[in-house]
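Happy to walk through this one with you.

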Amino acid sequence: MVNDVTISAQGLVKRFRTKRGTVTAVDGVDLQVSRGEIFGLIGPDGAGKTTMTRVILGLLTRTAGQSGILGYDSMRHTFAIRERVGYIAQQFALPRDMTVMENMRFFADVQGVSEEDQRRRIPDLLEFAGLSRFTDRLAHQLSGGMKKKLALACSLIHEPQVVMLDEPTLGVDPVSRREFWNLLGNLRAEKGLTIFVCTPYMDEAERCNRVGLMYLGRLIACDTPGAVKRMVPGRVLEFTPSDFEQTLRILRNPKGLGLEGVLEVQSYGLMLHVFVDDPARRQPEIEAALVARGITCQGMREIEVRMEEAFISLVRRRREGEWTSTRS
Amino acid sequence: MRKRLKRFGAIVRKEITQLLRDRTTLAIVLIIPFLELFLFAYAVDLTVDHIPTAVADMSLDAQSRAFIDALEISGYFDVTMYLEDEKEVIHAIDEERVRAGVVIPPDFAVQVERGRAQALILLDGSDSFTVQSGYGAASAIAQDRAMKLMVDRVSRMGGNLGALPITSSTQVLYNSNMDDMVFIVPALAGILLQVLAVSLTAVAVVRERELGTIEQLLITPIRPIELMLGKMVPNVFVTAFGMLSVTVLGIFWFGVPFRGDPWLFAWLSLLFLVSGLGLGLLVSTVAQTQKQAQQITMLFMLLSMLLTGFIYPRAPMPPLVKAIGNLIPLTYFVRIVRGIFTKGVGLSFFWSDVVALIVYGSVVMVVSAATFRKRLD
């Protein structure tokens, strides 16, 4: 293994042949995840996150390019990877008519964990996942959050060096989500695990060391959350206009009103997020321009750019073809 | 190798745990053999006797009386009503009050003396089994009766007919009482074995795919062949149990004779089981859901009942239909099982069927093993 690269992909392509033609789910992705990182792959549904994860794990064949984990090639050394990596599928995929303990023992046995190690590790993992009191409960009777924790515990039974989690908090309540992320944080701190997480939740992306933004099969940005947010030019003003539709029309075509410095507009519920070059200067200008049209603005203030705004902005520019891939 | 065994053991344990936990399926699987056996034994009868019969005796003399008695004594016909004429008899058959009718013309005795008597037997053709039995029985009885009258007449005239020029003596081998159970039980054991093996295996595999659990299994070091074989093991026991219960019950409860070598029977059953399990895997590659898997299995069972010689003889089938039957392993096993069970013959009599089963089992196993991949696509 060279310079601690744990997960890697170069020019990775995955195409599916369907009845209506070929679909390119992963379209030339380059990626490197270092040891001990929490890496978040974010993107909307259908961006290709699950497909890419599966290809890297060797669960799907790849169409072109290279990919591997811990120096093992995804296709050629599939079973070497499977012995060293933990994985949680997107949907709950443990045998649901088996108890918590039976599941733990099953995955321990198929991973070749010795009886002695099992006696030590299983109680530890159940404790860690907060499932010690539920060892005899059938998996399908667990709550959504508990199911995910059981899946995590099972995926850690063979002490993998890498875990890959596909949307692990999908359908999990906010409290359990936070608990789950705390577990991941502890894992990384205590065991130096490399953690690869796919998630559609932007707030979860903020908890990663680095994030990759995936859109239409391409990785459109890959950096620390802070750096990704800085890729967005300008700063953001948030406010609630009295006439949403008209305001949106006006601000999408600011030149027509003689408004300068408006870079981008995003809707956020009933609020608008307006990207401007200089908030202190543009705020009064925008307010004035809207009032002239009989539109009042409530609570206009500058907010910090979050991952969500950054993501939408990057996707939009990608779509409009303005993006130059030289930035990274 | 130790790890491999450990993985295999874990899969077998998982499958058994899941099978035992699925009480409904388990109950059905365990009850089916008994249900089928008792249905065939007590409810389904392939030879029809005691046919309810209406009689219109317009002659009412000793000759007609004797003929009707002969019909009744045979056990095939039960006279349940006496009517006036042919029209009324047909009406009774229309109304399904009887399944057969006997019409004897007014001058029966006179015609008998002249040697030209005719009795009309009417049979309900909407039920082909009744027609078969009734037709055969009635012709035999009439002929027998005619022969007796002939002998009587000759001796009354002072002559001596002596022995008849030709007599046939029929001996039914292996099943001298023509007991349906002797015919059914061995093949029933076979069809049960096949249906259970195919459906259990297909569902066990399709279930993992339908629920998505296959993904979490594939990401472990489990090898495809381990998963495939591990899924079969519990099914071997369940199907063997079904087969054994039908066989034992057939022998000890219904008195079906077992004349052959029990060990040969056991080994060939196992061989047959392999082909059933392999077929189940093949079904699982076609079916996307458990429901589809069950539907395919049902279709397969239907074809097995009709085309394999289980009940209907294969000899009169057209070549294409026969060829379809040849695709079903039960076709070979029915011959084997009847050979061992009923005839008590050995390998040399059905070696070609054994070879066919070996080839069949190997092919389906290899094909289905190839469909068990280490990836999702």
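Q: In this predicted model, across which strands does helix H5 of chain A lie?
A: Helix H5 of chain A covers residues 144-155. Relative to E6(A), the helix runs at about 165 degrees. The strands that helix H5 of chain A lies across are E6 and E7 of chain A.

Q: In what order do the six strands of the open sheet in chain A come?
A: The pairing in this sheet is mixed. Its edge strands, each pairing on one side only, are strand E6 (85-88) and strand E10 (218-223) of chain A. Neighbouring strands are turned against each other by 15 degrees on average, with direction ignored. The order is E6-E7-E8-E3-E9-E10.

Q: How many bridges join strand E7 to strand E8 of chain A?
A: Strand E7 of chain A holds residues 162-166 and strand E8 of chain A holds residues 194-199. The two run parallel. Within this pair, A:Leu165 is placed opposite A:Val197 in E8(A). The number of bridges joining E7 and E8 of chain A is five.

Q: At about what angle to E7(A) does helix H1 of chain A run?
A: Helix H1 of chain A takes in residues 49-57. This helix lies across strand E3 (38-42), E6, E7, E8 and strand E9 (210-215) of chain A. Its angle to E7(A) is about 150 degrees.

Q: What share of the residues of chain A count as buried?
A: Chain A contains 11 helices and 14 strands, and its C-alpha trace spans about 75 × 45 × 40 Å along the principal axes. Of its contacts with a separation of 6 or more, 69% are between residues 24 or more positions apart. Of the 328 residues of chain A, the share counted as buried is 42%.

Q: How far apart are the C-alpha centres of domain 1 and domain 2 of chain B?
A: Domain 1 of chain B is made of two stretches, 2-44 and 178-371. Domain 2 of chain B takes up 51-156. The C-alpha centres of these domains lie apart by 48 Å.

Q: What share of the residues of chain B count as buried?
A: Chain B has 14 helices and four strands. Among its contacts between residues at least 6 apart in sequence, 78% join residues at least 24 apart. Of the 377 residues of chain B, those that count as buried make up 38%.

Q: Which helix gives the most to the side of chain B that touches chain A?
A: On this side, 23 residues of chain B are in contact with 25 residues of chain A. Helix H1 (2-21) and helix H8 (213-218) of chain B each supply at least two of the residues on the chain B side. By class, that side has six nonpolar, seven polar and 10 charged residues. The helix that gives the most, with nine residues, is H1(B).

Q: Why does B:Gln294 count as partly exposed?
A: B:Gln294 sits in helix H11 (residues 290-307) of chain B. Beyond its neighbours within four places in sequence, B:Gln294 is in contact with B:Ser199 and B:Val203. A residue is buried at 20 or more other C-beta atoms within 10 Å and exposed at 12 or fewer. B:Gln294 falls in between because its number of C-beta neighbours inside 10 Å is 16.

Q: How far from B:Gln294 is B:Ser168 in space?
A: In sequence, B:Gln294 and B:Ser168 are 126 residues apart. From C-alpha to C-alpha, their distance in space is 51 Å.

Q: Is B:Glu96 buried or exposed?
A: B:Glu96 lies in the loop between helix H4 (86-94) and strand E3 (100-104) of chain B. Its phi is positive, about 60 degrees, although B:Glu96 is not a glycine. With 11 other C-beta atoms within 10 Å, B:Glu96 is exposed.

Terms used: Residues are numbered from 1 along each chain as its sequence is written. Chains are lettered from A and ligands numbered from 1 in the order in which they are written. This is a predicted model: local features need pLDDT of at least 70, side-chain atom pairs count only at pLDDT 80 or more; totals for chains, interfaces and linings use all residues. Domain bounds come from an automatic or database domain assignment. Two residues are in contact if their C-beta atoms, placed from the backbone, lie within 7 Å. Ala, Val, Leu, Ile, Met, Phe, Trp, Tyr, Cys and Pro count as nonpolar, Asp, Glu, Lys and Arg as charged, and the others, Gly among them, as polar. Two strands pair if DSSP finds at least two bridges between them. Axes are lines fitted to C-alpha atoms, for helices over the stretch in contact, and angles run from 0 to 180 degrees between N-to-C directions.
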